[in-house]
Amino acid sequence: MSDINKESILNKLGLTNEQGNALLEAALNNPMEALGLLQSYNVDQDTLQELIMQFMSNPGIFIELAESLGLPPEKIAEVKTKFNL
């Protein structure tokens, strides 16, 4: 299991819980909206790139993250479908 979870992502990006939840909802519904939100939060680009690389090299992290967020099984199945996992 990776060390990526909701708290570590929020801490690395300097986001509040509310911003993280808004970002998650946007990512599930409209990934382009999620990118716009990230830009509006003025996150550190180097840190963001590091996280993106971790997700790209291990797409299973999306499922671990969904589980750590307590998403219901149908939402986890949706995440698996969206990311072809």
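Predicted model: local features only at pLDDT ≥ 70, side-chain atom pairs only at ≥ 80, totals over all residues.

Q: Pocket first. How much space lies in the largest pocket?
A: About 880 Å³.

Q: How many residues line the largest pocket, and which lie nearest its centre?
A: The lining has 31 residues. Nearest the centre are Leu-23, Ala-27, Leu-38, Phe-55 and Phe-62.

Q: What is the make-up of the lining by class?
A: It has 24 nonpolar residues, five polar and two charged.

Q: Which helices supply the lining of the largest pocket?
A: H1, H2, H3, H4, H5 and H6 (73-82) each give at least two residues. H4 has the largest share, with seven.

Q: OK, H4 then. What is its reach from first C-alpha to last?
A: H4 has 13 residues and reaches 18 Å. That is close to the 18 Å expected at 1.5 Å a residue.

Q: Which residues of H4 are buried?
A: Thr-47, Leu-48, Leu-51 and Phe-55. These residues cover an arc of only 100° around the axis, so they sit on the same side of H4.

Q: And which exposed residues does the face turned away from the buried side carry?
A: Asp-46, Met-53, Met-56 and Ser-57.

Q: What do the buried residues of H4 pack against?
A: H1, H3 and H5.

Q: What is Thr-47 in contact with, leaving aside neighbours within four places in sequence?
A: Lys-12 and Leu-13. Leu-13 is itself one of the buried residues of helix H1.

Q: Which other residues are buried in H1?
A: Lys-6, Ser-8, Ile-9 and Leu-10. The buried residues of H1 pack against H2 (17-29), H3, H4 and H5 (61-68).

Q: Backbone now. Where is there a positive phi in a residue other than glycine?
A: At Asn-42, with phi near 55°. Most residues other than glycine have a negative phi.

Q: Where does Asn-42 lie?
A: In the loop between H3 (31-40) and H4 (45-57).

Q: Is Asn-42 buried or exposed?
A: Exposed, because its relative accessibility is 66% and the cut-off for exposed is over 50%.

Q: What about glycine: which one takes a positive phi just after H1?
A: Gly-14, at about 70°.

Conventions:
Residues numbered from 1 in each chain as written. Heavy atoms only, no water. Helix = DSSP H or I, 4+ residues; strand = E, 2+ residues; numbered from the N terminus. Buried < 20%, exposed > 50% of the residue type's maximum accessible area, 1.4 Å probe, protein only. Contact = heavy atoms within 4.5 Å. 1 Å grid on protein atoms, 1.4 Å probe; cavity = no way out; pocket = protein on both sides within 12 Å on 5 of 7 lines; lining within 4 Å. Points joined across faces, edges and corners; volume = space filled by probe spheres on them. Nonpolar A, V, L, I, M, F, W, Y, C, P; charged D, E, K, R; others polar. Expected span 1.5 Å × (residues − 1). Arc of directions from axis to C-beta.
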